[in-house]
Amino acid sequence: MQSRKVIVVGAGNAALCAALAAREQGAEVLVLERAPEPLRGGNTAFTAGAMRVAYDGVEDLRRLMPDLTDEEIARTDFGAYPAESFLDDLARVTEYRTDPDLAALLVERSMPTLRWMAGKGVRFVPIYGRQAFQVGGRFTFWGGLTVEASGGGPGLVEALTKAAEREGVRIEYGARAMSLLHDSGGVHGVTVRQDGPTRDERADAVVLASGGFQANTEMRTKYLGPAWDLAKVRGTKFNTGDGIRMALEAGASPVGNWSGCHAVGWELNAPEFGDLSVGDNFQKHSYPWGIMVNANGRRFVDEGADFRNYTYAKYGRRILEQPGHFAWQVFDQQVSHLLRDEYRIRQVTKVTAPTLEELARKLDGVDADGFLTELAAYNAAVGTDVPFNPNVKDGRRTHGLAVDKTNWANRIEQGPFEAYAVTCGITFTFGGVRINTDAEVLDTDLSPIPGLYAAGELVGGIFYFNYPGGSGLTNGSVFGRIAGTGAGAHGA
């Protein structure tokens, strides 16, 4: 009896989880990766590898991370992040628009899926460097995010690729899927272009996991709106919406926040697309400890509205909306030791000065007088009755400003002062194709398209406006596994 064949389009986290799950069903699996091998892995290769997961305590984490030592546990408060907290965070930051069934599945399957990945050879470690501060000799994790893949995104791609190859998955590079082979009976394969010519690859089922349309300037401007053609692309240049287009041409239902995306503060002079040698270090995510000002010298967001995990994915849009599409992040010596490692890379637009007056003159493109006026008003509005604590939403705030800072507000007064120039970096788009809880793609009548599955960034309906940090990779893994399982069994 001939084995069933599954084609997976893409070779990032969601795609490789789908490939591994399809192999578990006994299917022959072909992965089509548009990028050449050195640039494989889609957006996954550009992430830091954080993965949001529900857990009830340190013992759950220890089962996921068996290398966790007794000494690490003794000096760390890992807390707990129960499923209801994860679901509440997902609902809250998406303004309660997230699909409730898909959201519940994402949360429910988060820990089992990561443990399944660990069984495939992915190693997970605590995110000490970015998600925990040491207070009183103990590290305390905050924001519901404690776990990352060892080696970050590149390490995750490497581990999943090795697992796929070990389990007999065939991966072809430089292979761009162009269209789906489909008829009234469903999807039967793809047309692929590789080294010039095109060919038809037939299969019993296809899993689309090739990312959003963030690297497609025309689609960004069409769906996200004016100025989005000017955004930098954080990740791969190959995520141009092919999978979404192919699915829609085959009758798939579009769903989700098509005018929304994950976008962050990003190095002003970063290249047009992501650079694997720098990875995600062009991001600048320590803004809660300082202030952000625009070309007029004015603050325009509450930098302390919430933990960075819950605001960074929407503040890129706010930066893009500012005059000139840029901002400066300003810090003093009270908090400079808290700045993440990405502020210390060579490829950074940074100015320093011993006084605020000198700093104001160095902020390229900024009205110096406007900045000094804004800063004086900000400093005067900071309440000092509450102690500063970066591990909790400390309530140390300003009062009476047009845009108050509601946590972690310190006066900017201890030089030398530092400032970093940022623009908008788009990570992935939120609009995509509609799936059910079996990761089957639904048509415009909301019926499953036989033989077509999807996972990852090209699925719509889960993230709206914003997302909880680390949930993107987890989303890809959970639904990639579900999609691969379904595709591998399709037609059996």
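The crossing of helices α1 and α7 is left-handed; that term applies if the near helix is turned anticlockwise from the far one by less than a right angle, and right-handed applies if clockwise. The contact is made by Asn13, Leu16, Cys17 and Leu20 of α1 and by Leu156, Val157, Leu160, Thr161, Ala163 and Ala164 of α7. Contact here means heavy atoms within 4.5 Å. By class, the contact of α1 with α7 has eight nonpolar, two polar and no charged residues. Ala, Val, Leu, Ile, Met, Phe, Trp, Tyr, Cys and Pro count as nonpolar, Asp, Glu, Lys and Arg as charged, and the others, Gly among them, as polar.

This is a predicted model, in which local features need pLDDT of at least 70, side-chain atom pairs count only at pLDDT 80 or more, and totals for chains, interfaces and linings use all residues. Residues are numbered from 1 along each chain as its sequence is written, and side-chain values use heavy atoms, with hydrogens and water left out.

The axes of α1 (residues 13-24) and α7 (residues 152-166) come within 10 Å and cross at roughly 20 degrees. Axes are lines fitted to C-alpha atoms, for helices over the stretch in contact, and angles run from 0 to 180 degrees between N-to-C directions. The two helices, α1 and α7, are therefore roughly parallel to each other. Angles under 35 degrees count as roughly parallel, over 145 as roughly antiparallel, 65 to 115 as roughly perpendicular and the rest as oblique. Helices (H or I, at least four residues) and strands (E, at least two) are DSSP runs, numbered from the N terminus.

**Sheets**

An open sheet of six strands has the order β8-β2-β1-β12-β20-β19, with mixed pairing. Two strands pair if DSSP finds at least two bridges between them. At the edges stand β8 (170-173) and β19 (440-442), each with a single partner strand, so one side of each lacks a neighbour in the sheet. The twist averages 30 degrees from one strand to the next. β19 and β20 pair in the antiparallel sense over two bridges. Glu440 has Tyr453 of β20 as its bridge partner. Helix α13 lies across β1 (5-9), β12 (205-208) and β20, and runs at about 140 degrees to β20.

An open sheet of three strands has the order β9-β10-β11, with antiparallel pairing. Its edges are β9 (175-183) and β11 (198-202); each has a single partner strand, so one side of each is left without a neighbour in the sheet. Neighbouring strands of this sheet are turned by 30 degrees against each other on average, direction ignored. Strand β10 (residues 186-194) and β11 pair in the antiparallel sense over five bridges. Thr191 has Asp200 of β11 as its bridge partner.

**Backbone**

Most residues other than glycine have a negative phi, and most peptide bonds are trans.

The peptide bond from Gly415 to Pro416 is cis, with omega near 0 degrees. Pro416 sits in the loop between α12 (368-381) and β18 (417-433).

**Domains**

The domain assignment gives domain 1 (5-212 + 429-489) and domain 2 (263-424). Such bounds come from an automatic or database domain assignment. The centres of domain 1 and domain 2, taken over C-alpha atoms, are separated by 32 Å. Their contact takes 26 residues from domain 1 and 19 residues from domain 2.
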